[in-house]
Amino acid sequence: MNFEQARYNMIKQQFRPWHVNDAQTLDLVTEIHREDFIPGPYRDLALADTHIPLLHGQITMAPKVEARLLQSLTVQENDKILEVGTGCGYLTALLARLGGVVHSVDIYPEFTEMAAKTLKQYRLENVVLHTGNALNGWVGQAPYDVIAVTGSVPILDESLQLQLKYQGRLFVIVGNSPAMKVLLIKRLGEQEWSHEELFETDLPPLIGAARAPGFRF
């Protein structure tokens with residue numbers, strides 16, 4: 001597998017049509033190799049436009065969604081970041097390379113353990129890995145400049161927004177399959193936020209996320 005050619009194709013064929021043109025984001029995905037974080041049986045698919053299966057029935061975001069997330073959050077070098085859902089640890093690494101400190105939380109200890117090993121290979125020492133449920137945020141380290149939610153939530157609970165600093169940014173996927181809205185939320189004041197709808201996608205909900213009420217006949 002020629003990963004360098006595949007990386008070039010990923011940027012040209014997946015990222016460019018999705019309006020990922022930020023130089024810092026593009027440099028980052030060439031520096032930190034996604035295939036290093038993907039489970040062995042799926043390594044050759046690491047740069048394909050698809051979700052990769054993980055343990056416990058979980059999946060990764062598609063690479064283009066990860067790239068849009070990074071570009072949208074405009075992470076700064078001193079930002080304190082919360083990642084809800086460590087998963088394979090790839091997005092954790094990207095956030096860590098850009099920001100000041102990343103608190104990454106996953107409900108499954110296997111994910112935090114595996115991520116720790118790969119993050120060490122990249123000498124990323126500004127990541128604190130937690131095992132727990134961050135569905136409603138991670139209050140102990142709040143407030144945050146950036147919150148990235150790597151699964152969907154059928155209903156947006158304001159608890160995540162309230163853990164943002166002023167001018168903080170939240171990337172979250174809200175709704176039900178097959179059409180979910182990807183939102184970038186910025187905190188403008190004590191009880192004031194802006195909401196920008198970026199695009200639509202489809203991603204499984206976080207474990208324990210409340211479901212939106214359905215119709216009854």
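The legends below describe views of a predicted model of one protein chain.

**View 1. The chain as a whole, with six helices and seven strands.** Followed along the sequence, these elements come in the order α-α-α-β-α-β-α-β-β-α-β-β-β. The C-alpha trace spans about 50 × 45 × 35 Å along its principal axes. Of the 217 residues, 53% count as buried, and 55% of the contacts with a separation of 6 or more are between residues 24 or more positions apart in the chain.

**View 2. Helix α1, residues 3-15, and its buried residues.** The residues of this helix that are buried are F3, A6, R7, M10, I11, Q14 and F15, and they pack against two other helices, α2 (23-31) and α3 (63-73). An α-helix has 3.6 residues a turn, so residues three or four places apart point the same way.

**View 3. The largest pocket, with a volume of about 160 Å³.** The residues that line the largest pocket are F37, I38, P39, L54, L55, G87, C88, F111, M114, A115, K117 and T118. When this lining is divided by residue type, nine of its residues are nonpolar, two are polar and one is charged.

Technical notes
Residues numbered from 1 in each chain as written. Predicted model: local features only at pLDDT ≥ 70, side-chain atom pairs only at ≥ 80, totals over all residues. Heavy atoms only, no water. Buried < 20%, exposed > 50% of the residue type's maximum accessible area, 1.4 Å probe, protein only. Helix = DSSP H or I, 4+ residues; strand = E, 2+ residues; numbered from the N terminus. Contact = heavy atoms within 4.5 Å. 1 Å grid on protein atoms, 1.4 Å probe; cavity = no way out; pocket = protein on both sides within 12 Å on 5 of 7 lines; lining within 4 Å. Points joined across faces, edges and corners; volume = space filled by probe spheres on them. Nonpolar A, V, L, I, M, F, W, Y, C, P; charged D, E, K, R; others polar.
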